[in-house]
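Take a look at the structure first, and then let us walk through it together.

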Amino acid sequence: METLLGKIAYCVEFGKINKKAPYPPDMKDQDGADELTKQALDQGINADMILKNGLVTGMEKVGIKFRENKVFVPQVLMSAKAMSTAMAHLKPFFQSGEVKHRGIFIIGTVTGDLHDIGKNLVAMMIEGNGWEVIDLGTDVKPEKFVEAIKKHSANYVGLSALLTTTMINMEKTVKEIKSNTSGINILIGGAPVNDEFRIQIGADFYSPDPQGAVEYLNKHVA
Amino acid sequence: MFKSKKFIDIKNWINGIVRSEIKNAMPVLTYPGLNFTGEKVSDIVTRGEAQYNCIKILAERYPSAASLMAMDLSVEAEAFGSRIYLRDNEVPLIKSRLIHDSLMIQNLKIPKVGTARTFEFLKAAKLAAKNINNKPVFGNMIGPFSLAGRLFDISEMLVFTLVDIENSHKLISKCSEFLKEYALMYKECGVDGIMIAEPAAGLLSADMCEEYSSTYIRDIVDYVQDDRFMVILHNCGNTIELVESMASTGALALHFGNAIDIMEILNKAPTDRLIFGNIDPVSIIKNSDSHKIKSTVRNLLEKAAGYRNFVLSSGCDIPYGTPEENIDAFFEALEEYNKELKI
């Protein structure tokens, strides 16, 4: 069992989606996260163990390697794709309540920003760590964030901006969320954003990398 | 220091900066010119005359070492056929991806320079080159890898570089062919160089940056750069490990964003290139006050004092809506620092 879960974690870490995927070249024609997760379930391995010892373990390793500049965005995206493929097999177990999410995290890019790469990276990493992610997409108006927070009773929301011209809209979004909800923790991120800007706009947490957001969230629900 | 624009020898201009006893500045400054012209961002990016008016008024008002045209990284993708969102006071955005697969890459036609809004940008370049005579004028365009990301969707493009190397290169090659001709047309309009913004390359490892970006930038540099026309390569991403690859393109100047410590860059970069950077354009220049701007600028100038190839700049585009007094404070800090150097 350990070997199979280890293999799943390895596939997630190195972005091996399925058998026919050409990447990584040194794993050509080998089973990927897709086939191995299905095998694990067929063998009766608990879905929660697959999540924690396979997917979460793999994504954590990727997050740390990304922070240490040992892998870069393309490789992280491949890992996230492998993770999502495996996660699809676990979806019925989340729906039945057999596996529980660590919490709900809402994310979107702020008004005017259609660039979703940073948002997607963070969403995938957080989902890969066992959270339910409600992705509102791009160019999200402040009131839509508020509506989603209320609808899902979420305590954590992430705002992303890639452009210097749109990060300004984060401030409006933070104000709107803070004045219309309670107990919400707002995380911000994106290429032009930093901790100084977070303080200026009254958000709760800034991380320069997705792993920082994962660690912040996990610490809060530990 | 600067003579008639027609006779600017760009290598002499660079040498003048390097030999200068004082520090120079060239912030990425266009949209705040709207404070003075009273027009909208959408005017600048759709009408050459409006953009020229903005550049001209900034050139007269501020002692920037050179004038820069507007940074709008949707112009070239629109020329290929991408649809854009055009809003009054926001830089245009690409609506959705134009290219979805390898077949579409093969069928993608390289547009003629002058298509869509490239015509208006070139008109602005021609007017600026003709009428701004006391300093160089630099055009602005996107880099080939970033343009490919605009056409294919950047997330998908990054994955594509791992799973379909051949077609990734085909797409970037097409982007690069267009950009070479676009840069050449800027040169023919009479401007003194071009800033190539390649932020998407900041998402790559050094090896991948070399393969998918720098190789193509080098080709553009070889095509247009000479004694009267220079290339400034801008990357506002995480560039610490990319400096060597960026410098290997041959671009005479490298421009860095505020995501990195410029001192690390200055320690690594070749001393025969101008290094521009990197005051935070939003948190500091737009959103803070004169006092904070002055102290931040001064701190950077003091840290970089030993580097003669350093030119003070913003880390990226200074946004529309930046107060006039904040831009004033940026240049006042430079002036005060330089005055003390002369004493």
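## About the model

This is a predicted model, in which local features need pLDDT of at least 70 and side-chain atom pairs count only at pLDDT 80 or more, while totals for chains, interfaces and linings use all residues. Residues are numbered from 1 along each chain as its sequence is written, with chains lettered from A and ligands numbered from 1 in the order in which they are written.

## The sheet of chain B

Let us begin with the strands. Chain B holds an open sheet of 7 strands in the order β1-β4-β5-β6-β7-β8-β9, with parallel pairing. Helices (H or I, at least four residues) and strands (E, at least two) are DSSP runs, numbered from the N terminus, and two strands pair if DSSP finds at least two bridges between them. The edge strands of chain B are β1 (67–68) and β9, each pairing on one side only.

Now follow β8(B), residues 274–279. Its 6 residues are buried, 6 of 6, so the strand is largely enclosed by the rest of the structure. A residue is buried if 20 or more other C-beta atoms, placed from the backbone, lie within 10 Å of its own, exposed if 12 or fewer, and partly exposed in between. β8(B) pairs in the parallel sense with β7(B), residues 253–256, over 3 bridges, and B:A253 stands opposite B:L274. From β7(B) the chain crosses through helix α13(B), residues 262–268, to β8(B) in a right-handed β-α-β crossover (with the strands pointing away from the viewer, the path from the first strand over the helix to the second runs clockwise). β8(B) is also joined by 5 bridges to β9(B), residues 310–314, and these two strands run parallel. There, B:G277 has B:L312 as its bridge partner.

In chain B, helices α8 (residues 144–152) and α10 (residues 165–188) pack at an angle of about 115°, with axes 8 Å apart. Axes are lines fitted to C-alpha atoms, for helices over the stretch in contact, and angles run from 0 to 180 degrees between N-to-C directions.

Which residues make the contact? Among them are B:F145, B:L151 and B:F152 of α8(B), and B:L171, B:I172 and B:L179 of α10(B). Two residues are in contact if their C-beta atoms, placed from the backbone, lie within 7 Å. The contact has 10 nonpolar, 1 polar and no charged residues (Ala, Val, Leu, Ile, Met, Phe, Trp, Tyr, Cys and Pro count as nonpolar, Asp, Glu, Lys and Arg as charged, and the others, Gly among them, as polar).

## Where the chains meet

In the contact between the chains, 27 residues of chain B touch 23 residues of chain A. On the chain B side, β3 (90–94), α9 (154–163) and α14 (281–286) each give two or more residues, and α9(B) gives the most, with 7 residues. That side divides into 18 nonpolar, 6 polar and 3 charged residues.

## Backbone details in chain A

A cis peptide bond joins A:Y23 and A:P24, with omega about -5°. A:P24 sits in the loop between α1 (2–14) and α2 (33–42) of chain A.

A:N69 has a positive phi near 60°, in a residue other than glycine. This residue lies in the loop between α3 (47–67) and α4 (73–96) of chain A, and A:N69 is partly exposed, with 13 other C-beta atoms within 10 Å.
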